[in-house]
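Biologist: I am new to reading protein models. Could you show me how to go through one, feature by feature?

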Amino acid sequence: MSDSVSENQETNDSLQSFQSMSLNDAGEATHEQENSHKCDKQKIDILLKPTGNAPIMKKKKWTVEGDKPISWIAEFMKRYMKLEPNEKLFLYVNQTFAPSPDQIMKNLYDCYSTEGKLVLHYCKTPAWG
Amino acid sequence: MANDREVLREVWEGKLPIAFKLDPDEVVELQQPDHFYLMVPRLSYFPLVTDKVRKHFLRYVANDKQDREMWLEYDGQPIKWHYPIGVLFDLLITSDDQLPWNITVHFDKFPENQIYRFSNKETVESYFMACLKEADVLKHRGQIASNMQKKDHNQLWLDKFEQFWAVNRKLMEVSSEQEHFKYIPFRCYMEDGYRQKLIKPVAEDGRRKTLQDLLHEMFPGRNNVNIKTHGMIPPLETPLQWMSEHLSYPDNFLH
């Protein structure tokens, strides 16, 4: 138990530094996020699972802020796995549907989390539907 | 079951008058192009109805910009093509005096950081189908949409009322042992995006929940929340199950 907590702590830090990178990249879009409601700053635990031909991520458990959109998570994962910019990454919830790129983590967590975690499956080619 | 056909028809036929104009800075001809007027369905998406707009303005922009992806702007903000047109209108326009809706068309300087590229109509279609599947996960644990065949999916994407509803009625059905959906698929839009939550159409004691109950659960302690959908203000005592069956957009979400 204590192991997984510390892992989350550590990964959280690296996500934070990535966030500051993307702040410089995307002016307008992140400005909107800064204004968003306080409750969305709630931290969300996510579990990333590869499917099909997707590369495995060394760290599967991450903690992200609730107001982060799916497109942000996908960009982060692409950089983490060192995918080419033109390579695609598809994320799925419940192994059923691909959430909208502007869907925020808090909404997904509120609707589709199990045992306190939001499970996202990812792959490089469309998997479900 | 969604059986109030008059309401369904009324919602389906909702249209908005729009005046498109090309950004004057992008005009390379001596003469400014005329505005382009269009009645567009509230339930549709901009990339599906703006082929004619593109054609109309294309010859007024520089040659090297003609192949670029067209994008739309209202009041200084790029328009999010992936929201249904009626949702965009209800969010952006507060008074009917502002009709027709004046939208500026651009071919240059696509705002990458603010809106997504749609590249082709298939992108819009797959986005639409993903929403529909998500709605079905909330209503029936996804069992109905996943059992549908490709031809059913195609039929949901056609723009004919009868064909759409021939398939969509299956998505609006309730199982025999339950008289309602598991959860109500809805998105509540605020200034900075939308919120979703798990909300059941009935209370613990079996009472049918209403729009009022949804607002209490979404915004506890706030009594001054205004709700608008399809350009109207629904009565707060409207049952959620009925709303979901009759006032959902084709993606099966209430917006």
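Modeller: Start with a definition. Two strands pair if DSSP finds at least two bridges between them. Keep in mind too that this is a predicted model.

Biologist: In what order do the five strands of the open sheet in chain B stand?

Modeller: Here is the general idea. Strands of a sheet pair through backbone hydrogen bonds, either parallel or antiparallel. In chain B, five strands form an open sheet, and the order is β2-β1-β5-β3-β4. The pairing there is mixed.

Biologist: Which strands of chain B stand at the edges?

Modeller: They are β2 and β4 (77-78) of chain B. Each has a single partner strand, so one side of each is left without a neighbour in the sheet.

Biologist: How many bridges join β1 to β2 in chain B?

Modeller: Six bridges join strand β1 (residues 15-22) of chain B to strand β2 (residues 36-41) of chain B. These two run antiparallel. For a pair of residues to look at, take F20(B), which stands opposite F36(B) in β2(B).

Biologist: Do β1(B) and strand β5 of chain B run parallel or antiparallel?

Modeller: They run parallel, and five bridges join β1(B) to strand β5 (residues 101-106) of chain B. Look for L22(B), which faces V105(B) in β5(B).

Biologist: And how many bridges join β3 to β4(B) in chain B?

Modeller: Two bridges connect strand β3 (residues 71-74) of chain B with β4(B), and the two run antiparallel. Opposite E73(B) stands P78(B) in β4(B).

Biologist: Which strands of chain B does helix α3 lie across?

Modeller: Helix α3 (residues 51-58) of chain B lies across β1, β2 and β5 of chain B. Its direction is at about 170° to β2(B). Now find helix α4 (residues 85-92) of chain B, which lies across β1, β2, β3 and β5 of chain B. Helix α4 of chain B runs at about 115° to β5(B).

Biologist: Let us turn to chain A. What is the order of the four strands in its open sheet?

Modeller: The order is β2-β1-β4-β3 (chain A), with mixed pairing. At the edges stand β2 (61-65) and β3 (90-93) of chain A. Each has a single partner strand, so one side of each lacks a neighbour in the sheet. Neighbouring strands of this sheet are turned by 40° against each other on average, direction ignored.

Biologist: Which residue of β2(A) stands opposite I46(A)?

Modeller: That is W62(A). Strand β1 (residues 43-50) of chain A and β2(A) pair in the antiparallel sense, over five bridges. On to the next pair: β1(A) and β4(A) run parallel and are joined by five bridges. There, L47(A) has V119(A) in β4(A) as its bridge partner.

Biologist: In which sense do β3(A) and strand β4 of chain A pair?

Modeller: In the antiparallel sense, over four bridges, with strand β4 of chain A covering residues 118-123. Y92(A) stands opposite H121(A) in β4(A).

Biologist: Back to chain B. Into which domains is it divided?

Modeller: Into domain 1 (1-106) and domain 2 (122-247). Their centres, taken over C-alpha atoms, are separated by 26 Å. In contact across the two are 23 residues of domain 1 of chain B and 25 residues of domain 2 of chain B.

Biologist: How do I find empty space?

Modeller: Rolling a probe the size of a water molecule over the atoms shows where empty space is left. Take the second largest pocket, with about 420 Å³ of space. Of its 15 lining residues, the closest to its centre are W12(B), P41(B), S44(B), L158(B) and D159(B). The lining comprises 10 nonpolar, two polar and three charged residues.

Biologist: Why does the second largest pocket lie between domain 1 and domain 2 of chain B?

Modeller: Because both domains give residues to its lining.

Biologist: How much space lies in the largest cavity?

Modeller: About 90 Å³. The largest cavity has 14 lining residues, and V11(B), F164(B), W165(B), H246(B) and S248(B) lie nearest its centre. Elements giving two or more residues to this lining are α1 (5-12), α8 (161-171) and α10 (240-247) of chain B. By class, the lining of the largest cavity has nine nonpolar, four polar and one charged residues. At least three residues of that lining come from each of domain 1 (1-106) and domain 2 (122-247) of chain B.

Methods: Residues numbered from 1 in each chain as written. Chains lettered and ligands numbered in written order. Predicted model: local features only at pLDDT ≥ 70, side-chain atom pairs only at ≥ 80, totals over all residues. Heavy atoms only, no water. Axes fitted to C-alpha atoms, helices over the stretch in contact; angles between N-to-C directions. 1 Å grid on protein atoms, 1.4 Å probe; cavity = no way out; pocket = protein on both sides within 12 Å on 5 of 7 lines; lining within 4 Å. Points joined across faces, edges and corners; volume = space filled by probe spheres on them. Nonpolar A, V, L, I, M, F, W, Y, C, P; charged D, E, K, R; others polar. Domains from an automatic or database assignment. Contact = heavy atoms within 4.5 Å.
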